[in-house]
Structure formats: structure tokens, C-alpha cells
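Let's take a friendly walk through this model, one residue at a time. Have the viewer open and follow along.

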Amino acid sequence: MSLNVSPALLETAERGEVSDAEFVGCVRESLPYAWEVVSSVMADLRVSGGDFADHEIPPPSDAERGQLLRALASDAIRGGLERHFGARLAFQNCHRVAAFEHTAVGGERWQRFVSPRGQLLNQSPELRNC
């Protein structure tokens, strides 16, 4: 799953730095399912007023799973999304996306989520194909 980079954006990148707004716009257009999931978990974080929100619904197909993997496995894409939404993302099992307020990063809940133990406890036989 690759980004759909317009000729104009590619030309901008060839000349120098691309703004976060331009990059995030490309991500939004190229990876609509991933954008929807990240937007949703970030909105949940803001509405809840807490320091953590997550999305645990498996993608409907491998194409959508691929979008999540592309978005959250890429340092550039994940970083752009985090800067755009103003919170930190974490990821488990090809579908569980979490958002943390920056002040919660390093805290107990963050440590539990990103720990090897947290990963193992979030496993199930039906997720072994991801």
C-alpha cells in the first residue's frame, strides 16, 4: 500500500521540504481507512477528556488492514498524524490503534499498552493472520 503522490506534491518534494499540511493531506487521500480510524480514535480522546482512547475493531479486509499497517509502521506517516492531531499513537495486532495525550506517554497505562506483556495479552487465534 503506497501513497498516491500527485505530480505537484512530488515536484514540491524534489525542490525541498514538504509542509505537514501537504503531507497529511496526501496521507488522508491515499489511506482513507487508516485516516478514518486515526481520526476516530483521536476524536474519542478529545471527547472523553481522558488521556487514552483506543479502537479495537478489526479492519473489514486485507486492503484496509494494509492501510493501517502502512500508516502506523511508517515513522514519517505516524509522526505526521501525531503532529496533526496533537497526540501520540500506539499500535497492536494490525488493528488496535490507541491515542495517548503527550502527558500520558511513559505513564502506567502507556507502559502497559506498549509492553511485550500487553502485546501478548492482546493476542487471539483469529488475529494470527495479521
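Is Ile77 buried or exposed? Ile77 counts as buried, because its relative accessibility is 1%; buried means under 20% relative accessible area, exposed over 50%, and partly exposed in between, with a 1.4 Å probe and protein chains only. Before going on, please note that this is a predicted model, in which local features need pLDDT of at least 70, side-chain atom pairs count only at pLDDT 80 or more, and totals for chains, interfaces and linings use all residues. Residues are numbered from 1 along each chain as its sequence is written, and side-chain values use heavy atoms, with hydrogens and water left out.

Ile77 is found in helix 5; helices (H or I, at least four residues) and strands (E, at least two) are DSSP runs, numbered from the N terminus. Not counting residues up to four places away in sequence, Ile77 touches Leu3, Phe23, Val27, Leu31, Arg70 and Ala71, where contact means heavy atoms within 4.5 Å. Gly50 is 27 residues from Ile77 in sequence, and their C-alpha atoms are 25 Å apart in space.

Helix 5, which covers residues 75-85, is also the place of Glu82. Glu82 is buried because its relative accessible area is 13%. Leaving aside neighbours within four places in sequence, Glu82 is in contact with Ala87, Arg88 and Leu89.

Our last stop is a loop residue, Asn93, found between strand 2 (88-92) and strand 3 (96-100). Asn93 has 9% relative accessibility, so Asn93 counts as buried. Gln123 lies 30 residues from Asn93 along the chain, with 7.3 Å separating their C-alpha atoms.
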